[in-house]
Amino acid sequence: MTRTDRLNVNPDLAAHTIITREEITDVEFDWFAADEAGHVAQFLAAGDPTVPAAALASEELLETLHVWIDVRPENEEPNAPAGGFDEHLTPPQRRGAYVYDHIPGEVGLYRLVAAPRTPFTVAELPDSLQAYLAGLKLDVRFGAARIWVDEEGKAGESAG
């Protein structure tokens, strides 16, 4: 991993560790994004390195966001529309985040596995995390059954 101060998102962090695509290929890697309404989703890349470059810009801020969500109280019952295997992926949803899982064999394509009834918004995050997610705003509305995302951070709903 490469250390850099180029991100300049959090003045308390003198340097950020950039995550490389090689590091996330064929391993589980979770990243976050915001939608047009300011809702937050956790994306489970499942070894697909096709994630927005901004998601790789700071290991420190990514971890901070993970922790921020993980320590929120669970305010909802699980809501995994497909049930079964997806039910174990609901902890972020029970805390207010959408959850999308990569579709195996489909580059940059994710399916909704859990949807919060009362999602939290970027405005509820600390300033440094709001700034981090500003570079990870997707032109979609979370809740769509399938979303595609590319390395530049372009996104859209996918039929199917």
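Tutor: We begin with a cut-off: a residue counts as buried under 20% relative accessible area. Note also that the model is predicted.

Student: Is W31 buried or exposed?

Tutor: The cut-off for buried is under 20% relative accessible area. W31 has a relative accessible area of 0%, so W31 is buried.

Student: How many aromatic pairs does the structure hold, and what is the angle between the planes of W31 and Y110?

Tutor: The structure holds 8 aromatic pairs. W31 and Y110 form one that is edge-to-face, with 6.0 Å centre to centre. Planes over 60 degrees apart count as edge-to-face, and for W31 and Y110 the angle is 75°.

Student: Why does the pair of W31 and Y110 tie together parts that are apart in sequence?

Tutor: W31 lies in strand 3 (residues 30-34), whereas Y110 lies in strand 6 (residues 109-114). The pair therefore ties together parts that are 79 residues apart in sequence.

Student: Which residue in strand 4 forms an aromatic pair with Y110?

Tutor: The partner lies in strand 4 (residues 40-44), 67 residues apart from Y110 in strand 6. The pair is edge-to-face, 5.1 Å centre to centre with 85° between the planes.

Student: Which residue in strand 6 is the bridge partner of Y100?

Tutor: Strand 5 (residues 98-102) and strand 6 pair in the antiparallel sense over 4 bridges. In strand 6, the bridge partner of Y100 is L112.

Student: How many residues of strand 6 are buried?

Tutor: Strand 6 is largely enclosed by the rest of the structure.

Terms used. Residues numbered from 1 in each chain as written. Predicted model: local features only at pLDDT ≥ 70, side-chain atom pairs only at ≥ 80, totals over all residues. Heavy atoms only, no water. Phe/Tyr/Trp six-rings, centres within 6.5 Å; stacked < 30°, edge-to-face > 60°. Helix = DSSP H or I, 4+ residues; strand = E, 2+ residues; numbered from the N terminus. Buried < 20%, exposed > 50% of the residue type's maximum accessible area, 1.4 Å probe, protein only. Pairing = 2+ DSSP bridges.
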